[in-house]
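Open the model in your viewer and keep the residue selection tool at hand. The tour below says what to select at each stop and what is there.

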Amino acid sequence: MASTQTFGGKRAMTAGSVRPTANYEKPRARGAEPGARADKESALHLGQQPGADGARRPDSEEQEAAAADAAAANRDLTGPAAPTAHLWHRRRLCRDRWEFAAQWNEAFFESDKMHAMVDKIKEIIQELTQDLNRNGLSQIVLSTLACQGGAASLIGIPTADYTTTECKRFDLRQVSGIVVDAQHASARDTQGATLIPPTLQEFATTFASDLASSLGIKTNVEVAAAPRDQCIYITLDPQGNYTDAAGRFTHEGYSLTTNSSGVFIAGASPLGAWWATRTVLQQAAIRSQTKNVTALPYGHGRDAPGWGMRGMMLDAGRHWYPKEFLVEMCGYMSYFKQNTFHVHLSDNLVTQDYYSYEQAMALEANFRLFSESGALQGLSSPRDVAYTRADFDEVQQKCAARGVTVMPEIEAPGHALRIVQWKPQLGFHKDPSLLNISHPETIPTMKSIWQEFLPWFHTKLVSIGADEYHGPVADYNRFVNTMNDFIREQSNKTMSIWGTFPPKYDGTYDNINQNVAIQHWEFFEDKPLTDYIQNNYSVINSDDTYYVVNKYSESYPPALPLDKTFSADPSVPGGGPWYPHVFNAKKASDNPQRSEPRVLGSIVPLWNDFGQNATVASEAYYAWREGLPAVADKQWGGTLNRAQFDAVFPQVQPYAPGQNLDRAIPSPAGETILQYNFASIPGHVVKDASGNGHDAKTTCMTDRTALAIRPGCDVTLPFGAKGRDYTLSLTVKLDQDMRGQNATILTGTDSALLLTPTLTLYASNNYYPLNLTIPVNRWVDITIRGKGNQTFGAMKPAGGFFEEEEFQTVMGIVGKRLHWDTIAVEAPLGKLGGFTGMLRNLTLTNRG
């Protein structure tokens, strides 16, 4: 049975069609208070149609629609009227689609109108796609939620306790400056773990730099006795009610207020104020997705961390990480309010029972602090893979500038092969990675090591490791207690160890002193609640629930798992969110109460069990890239669920300041990042044809078809590396004398492209060769392609075939077999030169 309906003043014949009813809430009339009833005449009903006579909608309705369309056209969909603008824009599109549907039914019988209808389909699809692309569904949801009066928190990483008071925002683009309270400008936080805390003014200066680098907001910092209008005002509130999970005062708390006059921050200490600036940055980043609004919702909040130690541990003993990488990691951690970077500075590849003494002594072992002290000559790793005092001081200073304390660890009496390689008499013959504590030189040697390096460490807490020792327990406990006394006497520092031998109270041996902090990692070593907490020891949660072993392991994942973060509390049916007091994800009775004061916090480790060649440095970052922020939310005490995290992470992550671990390169012109043709180089400038303006410079000469690469000349690119994903292409012709020669083609900050003589990538002190040999006297297209955690190399000689291979690493697995695996190498940029031949073009895209 056919029915007739009217759409937009036209009559359309449909076969039994029924127009669906939309149950949309009426938008509030302009000017109405939140919760007030909207005026019927000014609300658009999705099911309401204009009359057949073409009568206009009421003026207020027409104005609302026009405003919404204008906002959408200007991509300003996150301002105070954001939720209304989003609904108006989508309702207009829906109305257009209903009118179009009627026209389609009519046109179905009039073939001359079919092409017009197809064009209309394309127009509607394109408009919807553009709207979603520029705003994103998650952005719409987050923006709308943040505008609801009375919301209890700001959705960020971590969440921040905050109550929005009305649906208005303070736009940071209008900020008149950052004003630091003159009364507290020179104050420093003496309650934290670092011995080099920045002043409140120094934190404010770093914040101003972050606003410029992350959001493009340039502003000045001044010290004044009072705030001025439209400023970000930063002061202290040391008597404020900021408490941790145990109900104790925490110096890391802060209050945040936003209104028409500006943004007002009061920290319990300068560090607390710093964490408030991370909240400001993230909230502005969420609302900057339309590239028009960098704002905070009006409201106020008081926020504080649940635990005082929140961080990560990096195994730099088995894998070398440049100082710049450590500094960038601190920037990333700080953005998510982590405050502790535990750096494991000495270790060795794991010895095995079936190794001979000679095999064990030949294993790779490292001590990453480079001292020129004659008493320690021969202990340190080579200078290019160890930190000088100046290096380590730089790392600590730059990390402290972002609220992160570097916690150093020198491992002994286990995992001490480097010390035994230096002084063989100190080790057990059966397992030379263990110190023989009963040897008369062992403890004096360890004291001399710590005496040298204690002045290097700008922290109140250091770790001696003391993990997985298999010698006599009485000797072990005597060693730990002796070193604890020595370190306290020499430096007044607190000491921690990995949980190894739990205390016994049966007279078997003297127990570890209770002022030694225990870093729990595995239940077969200890039970943190009954062995330590109930016996008045303080404990750091590093349970292997969150262990990562980089690249390969038969026991642990290669990346920090997200799912466990939101489901590891066994006291909640089905699994609740993990927090630092949850040591055992399977048995609730093994876990203390959330309010237990002897739980210091959480440090999540990453290990490099298979050494230097298993990974490049950036793969540690990618192992943590998503998991670290999720863990950081819980270490703070945040309340994100998995869906919220999945929505907010891509909104805030690209704006993390103080680092570029993704090795991202701006490319507003599109997929092609840079494109050079070397036929013309006016003024030795190589123009970028991509439209991004990334011009290069060269000291080489061109023959008007290509660039002649000769000794003493090179091309300088504007960037040093490109991270995942990318395709780097260049066309070269090697001179005859390059046949079978080793040479450099490109040298970047993280990697290099070489001929050895086959095509080879060099990264993190390792060579990753292919079986591709570049022919001479012939134009060849060379392509390096990074796709996810894989890297490929290819060549295509002129008139020849395309050949591609994958760069891989080869790892030795405990002396029994070899294991091939992927390797993710950044595109080498920086300098091009080091061979003799011709270069015709070079292109870099962000597609792998």
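Is Arg 302 buried, partly exposed or exposed? Arg 302 is partly exposed, with a relative accessible area of 41%. Buried means under 20% relative accessible area, exposed over 50%, and partly exposed in between (1.4 Å probe, protein chains only).

Before the next selection, two notes on the model. It is a predicted model, in which local features need pLDDT of at least 70 and side-chain atom pairs count only at pLDDT 80 or more, while totals for chains, interfaces and linings use all residues. Residues are numbered from 1 along each chain as its sequence is written, and side-chain values use heavy atoms, with hydrogens and water left out.

**The whole chain**

Show the whole chain as a cartoon. The chain has 16 helices and 41 strands; helices (H or I, at least four residues) and strands (E, at least two) are DSSP runs, numbered from the N terminus. Of its 848 residues, 56% count as buried. The chain exposes about 35000 Å², and carbon and sulfur atoms supply 50% of that area. Accessible areas come from the Shrake-Rupley method with a 1.4 Å probe; for residues, only the protein chains shown count as cover. Among contacts (heavy atoms within 4.5 Å) with a separation of 6 or more, 68% are between residues 24 or more positions apart.

**Salt bridges**

Side chains of opposite charge can pair when their charged atoms come close. A salt bridge is a side-chain nitrogen of Lys or Arg within 4 Å of a carboxyl oxygen of Asp or Glu. The structure holds 30 salt bridges.

Asp 237 lies in the loop between strand 8 (231-236) and strand 9 (254-259), and Arg 302 in strand 11 (residues 295-303), so the pair ties together parts that are 65 residues apart in sequence. Asp 237 is partly exposed, with a relative accessible area of 23%.

Next, select Glu 252 and Arg 310. The closest N and O atoms of this salt bridge are 2.8 Å apart. Glu 252 is in the loop between strand 8 and strand 9 and Arg 310 is in strand 12 (residues 309-315), so the pair ties together parts 58 residues apart in sequence. Glu 252 counts as buried at 2% relative accessibility, and Arg 310 is buried at 0% relative accessible area.

Now select Asp 210 and Arg 278. They form a salt bridge whose closest N and O atoms are 2.8 Å apart. The pair links distant parts of the chain, 68 residues apart: Asp 210 is in helix 5 (residues 200-215) and Arg 278 in helix 6 (residues 270-286). Asp 210 and Arg 278 are both buried.

For a network of salt bridges, select Lys 323, Arg 383, Asp 391, Glu 394 and Lys 398.

Helix 6 has 17 residues and reaches 25 Å from its first C-alpha to its last, close to the 24 Å expected at 1.5 Å a residue. The expected span is 1.5 Å times one less than the number of residues.

In helix 8 (residues 357-361), select Ala 360. Ala 360 counts as buried at 3% relative accessibility. What is Ala 360 in contact with, leaving aside its neighbours within four places in sequence? The contacts are Thr 351, Tyr 355, Leu 417 and Pro 432. Ala 360 and Leu 417 are 57 residues apart in sequence, and 8.5 Å apart in space from C-alpha to C-alpha.

Then select helix 15 (residues 627-636). Ten of its ten residues are buried, so helix 15 is largely enclosed by the rest of the structure. Gly 637 follows helix 15 and has a positive phi, near 110°.

**Paired strands**

Select strand 31 (residues 743-747) and strand 32 (residues 751-755), which run antiparallel and are joined by four bridges. Two strands pair if DSSP finds at least two bridges between them. Strand 31 and strand 32 form a hairpin with three residues between them. Ala 743 stands opposite Leu 755 in strand 32. The bridge partner of Leu 746 in strand 40 is Leu 832.
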